[in-house]
Amino acid sequence: MADRSPASILHRFGAYGDLTLKFQAWGAKVCPPYLEPLYISFYTALAFLLGGPVRQGLISNLKALFPEQGPITLFLKAYQVIWNFAFTVADGTRSRQGESVIDWEIDGYEHFEAMAKAEQGAILLTAHMGNYDVAAPLFAENFQRRLNAVRAPERHAETQEWMERELAAQAKDHYTVLYNKSDRLLGLQLVQALSRGEIVAIQGDRVLFDVAPLSLEVSPSGDPDQRCLFTLPKGPFVLALTTGVPIHPVFILRTGWRRYRIVALPPFYCQAESRDREAAIEKAARHWVDDILLPLIRTHWSQWFVLETAFAPVK
Amino acid sequence: MNPELLDPFLLPECRPVTALGRVLVLLTSAPVEQPVVDDKRSSSHFWTNRAGQHAGETFFLATLISLIISALSFGWLIQQIAPSSFLTWLLTFVGTVPVFIVAIHVLIFAASGIEALLQLFGIRPAQFPGHFCGRLFLALLSAWCVLILVNAGHGVRNCLMSSTAALWLTVVAVNFAAWIFLQFRELRQALT
């Protein structure tokens, strides 16, 4: 029987609760586009002031990226991240409700097209930026190849159930959502998909739940003296090593009102030059983090929606 | 890529929502050119083909409605509190924020309720979610302004509310005139 205690209901109204998401989806149903900025401003401020852990997580990430900046600047920057996140969520909800509201542009079209034309499977490695839930089905439609998007399950069972229903509603012939649950079958499924020439989309900037982690010492600010420990999922690199498919870094950036830019960068491989597979994985992961992810996050910090502390101090 | 999505001329800048916005575009603009991409790397655009999402108009409307409701909230508080000292004026200013928040929520909940009622009677306009409810929201705001004007008393305290209501109703009237103009234009095009 469902838990109906006041604490449980309050919990469902939290940042990751299903009632919060349902209320937001209802809001998108009744709110006209020209009133969206009005309501989003109010609810963003409310969520930012009440959501202590999220705010602290954001400020801690921004402090690692910009150690020279003061607390007030970081506080305002954290608000800007939440503001962007709110508009992204609203755009995503509207798209899921059947309205084609987003304008897209592609940067690095040649890499994008190469991925679409290749017969070999590919790993599309991305980060928590922009509207990946809306972009993934669009990619699948344009590639005319099956795209398997890997998602971390939601923190609460009710939220997971609701999110699965919502995403199932936008299911397309070429698009599948796979959840990284603890049943250990996902790796096998993904290897099979890549062997069939399909695309696997994974987020490579956050580790949640039962995911194999890989910790790297990085300098988020670009200053070699300011080093932190950054943990990312090992899975994409193990998959690339096992199957020999290229890794395509693709990011989605919000550039304005209902407008997003897809940034496709040149692909790279995870190949073992000796018997040391771990060294090959670390080399590829280091290239991803040092040369691709962190420079992009430093430039587009307001679009990086990792709401937990991502950088830990080096012991 | 899907060629239907690769039309660089269907930019959102030329697709306003309101009749007034459409008339302004008609009067002022040549076809909108594709914007120059700010960096030197290769970049292609594929814009989705959808109806009005004019960014400038959207934020203009949001700001205008915010200002109108803020002014109405402030005016209502002036009527209720009748501030005379610094403290009461401060209270009126600070109190405008919660009154504004309550007002926008009352309007949207009422609009949503009316939409639900109309749906019960089988009235379901073929519009995307939020669009019909938005029209009801604006209709309720206009009705509120009409009531204010009808019941407007004399004196400085009522001045802010009634002038704000008059301003909003002027915007509504101009938009209605623009709509009539567009209808005549379409009629003329259909006849020629």
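A residue is called buried under 20% relative accessible area, exposed over 50%, and partly exposed in between, using a 1.4 Å probe and protein chains only. B:Val156 is exposed, because its relative accessible area is 76%. The model is predicted, so local features need pLDDT of at least 70 and side-chain atom pairs pLDDT 80 or more, while totals for chains, interfaces and linings use all residues. Residues are numbered from 1 along each chain, chains are lettered from A, and side-chain values use heavy atoms, without hydrogens or water.

B:Val156 lies in helix 5 of chain B, residues 156-191. Helices (H or I, at least four residues) and strands (E, at least two) are DSSP runs, numbered from the N terminus.

Now turn to strand 3 of chain A, residues 147-151. Five of its five residues are buried, so the strand is largely enclosed by the rest of the structure. A:Leu147, A:Ala149 and A:Arg151 point one way. A:Asn148 and A:Val150 point the other way.

Which strands does strand 3 of chain A run parallel to? Strand 4 (residues 175-179) is joined to strand 3 by five bridges, and strand 5 (residues 199-203) by three. Two strands pair if DSSP finds at least two bridges between them. A:Val150 has A:Leu178 as its bridge partner in strand 4, and A:Leu147 has A:Ile199 in strand 5.

Next comes the largest nonpolar core, with 60 residues. Such a core is a set of buried Ala, Val, Leu, Ile, Met, Phe, Trp, Tyr and Cys residues joined through side-chain atoms within 4.5 Å. A:Leu232 and A:Trp288 are among the members that touch the most others. Helix 11 of chain A gives the largest share, 11 residues.
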